[in-house]
Amino acid sequence: MIRTQVGIIGAGPAGFMLSHLLHLEGIESVIIERSQKDHVRSRLRAGVLEQGTVEMMREVGLGERMDRLALEQHALDFRFNNRSHRLDFHEASGGRSAWVYPQYEVVADLMQAREEAGAQIFYDAPVTHIEGLEGSRPTIHFESEGQPLELSCDFVAGCDGFRGISRSAIPDDKLRLYDRVYPFGWLGILADAPPAIQDITWGCHPDGFAMMSIRTPEVTRLYLQCDPDDSPDNWSDDRIWAALHKRLDVDGQPPINEGRITQKAITAMRSFICEPMRFGRLFLAGDAAHIVPPTGAKGLNAAMADIKVLGRSLVEHYKRHDQRWLDGYADTCLERMWLVQRFSAGLCTMVHQFPGQSAFERGMQLADLNYMTGTREGRAVFAHNFTGLPVQA
Ligand code: RFL
């Protein structure tokens, strides 16, 4: 039996960041991860960091590489009715920004810091079940190199993503799940092409949504709304570029740049939230507790916000014997998370074409877009949410 203070399930950004935060405060943890290390290190997912996530990386001593490589985003260019409507974050939010810094770089920074500190991390080690969450010392059961192993700990952090097992350790009669599945997906494309403009660009077109953002000065990340059951094989390069031009190019702006397509994948769109985020000695964080459609670029940032609260709560427990933070963890995170859900679901509804959508519904979408981009109040609300709501920790 292995022993530690905090057992962490999942080596995504949430699990790694929690382990790093605890280490800085002299609190021990062990991470157990189902996938192999190379897979964890190279997963291509989120790309946009809120101001608060960037500040958190700096506060925990991991800002150096990010500050060199991340690309600050000053504005979002909404394109509809064949016009560009540029919403400047700085101007609308009093100096806040968002940054493009891919999730695999955040994970690489955290992984390196944990390895340099000699952290105990089990890769290729699926957790099978958790016991004793209502007692004083829960046990995490997992497999490593074909052997069953047990980790005994004071607390379990369920950072194992949407398809993890932690959430299922909460009895059904204690769990409330809120779910919305959207009738479309995103075809995500990575192309060796310099972005036509530096701003994140959203095309809100009657054919469907499209997005362009800078990944590096030579690589563009692009998305196209598609059927959720579609296959990337149905999208030839010619079809992709034709759809992107149609949905994103507008008068007065340079057309998007084409280049070699290096990746195509389809992502489903979902809003999901689970209450409570705590059961006994189990604390859920990140995608294990909530999923947002990628429209608002909130998933990774919401995971980091949870971890900031959970890290602080565990420090208060171990260092000052104060339980109030742990007791308030779920409510603190859920209150913020519902606001994040509201923003993400609202944006998702505003910019996509729904099957069978009426002309009236399209009129409402355009009115929302006009209000958000064309009034000082609308711009302020968008910029406040997009660059990140405050975290109570
Ligand atoms: P993760 O990253 O899913 O990590 C969970 C880890 O737990 C492991 N695991 C287990 N380990 C042991 N035993 C088990 N039984 C286990 N079951 C699972 C998994 O292998 C995995 O390593 O969750 P975490 O840490 O909460 O982080 C959440 C983020 O990864 C996620 O929210 C974002 O990627 C979402 N997202 C975006 N978020 C943003 O903030 N900005 C974006 O621009 C953005 N774009 C995106 C996205 C997600 C996408 N996809 C593919 C879902 C774009 C896409 C396409």
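View 1. N301 uses its side chain instead, with an N or O atom 3.2 Å from an oxygen atom of the ligand. The protein buries 89% of the 1,000 Å² that the ligand exposes when taken alone; these accessible areas come from the Shrake-Rupley method with a 1.4 Å probe, and for residues only the protein chains shown count as cover.

**View 2. The shell around the ligand.** There are 33 residues around the ligand, and E33, R43, Q103, D287 and L300 come nearest; to count as near, a residue needs a heavy atom within 4 Å. By type, the shell has 15 nonpolar, eleven polar and seven charged residues. Here Ala, Val, Leu, Ile, Met, Phe, Trp, Tyr, Cys and Pro are nonpolar, Asp, Glu, Lys and Arg are charged, and the others, Gly among them, are polar. Helices α1 (13-24) and α8 (299-320) each bring at least two residues to the shell, and α8 has the largest share, with four. Helices (H or I, at least four residues) and strands (E, at least two) are DSSP runs, numbered from the N terminus.

**View 3. A three-stranded open sheet.** The strands line up as β4-β8-β5, with antiparallel pairing; two strands pair if DSSP finds at least two bridges between them. Because β4 (48-50) and β5 (71-73) are the edges and have a single partner strand each, one side of each is left without a neighbour in the sheet. From one strand to the next, the twist averages 35°. Look between β5 and β8 (residues 98-100) for three antiparallel bridges, and you'll find E72 partnered with W99 of β8.

View 4. The order here is β7-β6-β15-β16-β17-β14-β18-β21, and the pairing is mixed. At the edges, β7 (83-88) and β21 (290-291) each pair on one side only. Helix α7 (residues 237-248) lies across β6 (75-80), β14, β15 (200-205), β16 (208-216), β17 (219-226) and β18, at about 85° to β17. Contact means heavy atoms within 4.5 Å; axes are lines fitted to C-alpha atoms, for helices over the stretch in contact, and angles run from 0 to 180 degrees between N-to-C directions.

**View 5. Strand β14 and its two partners.** On one pairing, β14 (residues 176-192) joins β18 (residues 260-275) through 14 antiparallel bridges. R176 has E275 of β18 as its bridge partner, while D192 has R260. On another, seven bridges link β14 to β17, again antiparallel, and G188 faces Y223 of β17.

View 6. Most residues other than glycine have a negative phi, and most peptide bonds are trans. The bond joining E275 and P276 is cis, with omega about -5°; P276 belongs to the loop between β18 and β19 (278-279). D124, a residue other than glycine, has a positive phi near 55° and lies in the loop between β9 (120-122) and β10 (127-131).

**Notes on the views.** Residues are numbered from 1 along each chain as its sequence is written, and side-chain values use heavy atoms, leaving out hydrogens and water. As this is a predicted model, local features need pLDDT of at least 70 and side-chain atom pairs count only at pLDDT 80 or more, whereas totals for chains, interfaces and linings use all residues.

Notes. A polar contact is a pair of N or O atoms within 3.5 Å; within protein, one must be able to donate a hydrogen and the other to accept it, and residues adjacent in sequence count only if both atoms are side-chain atoms.
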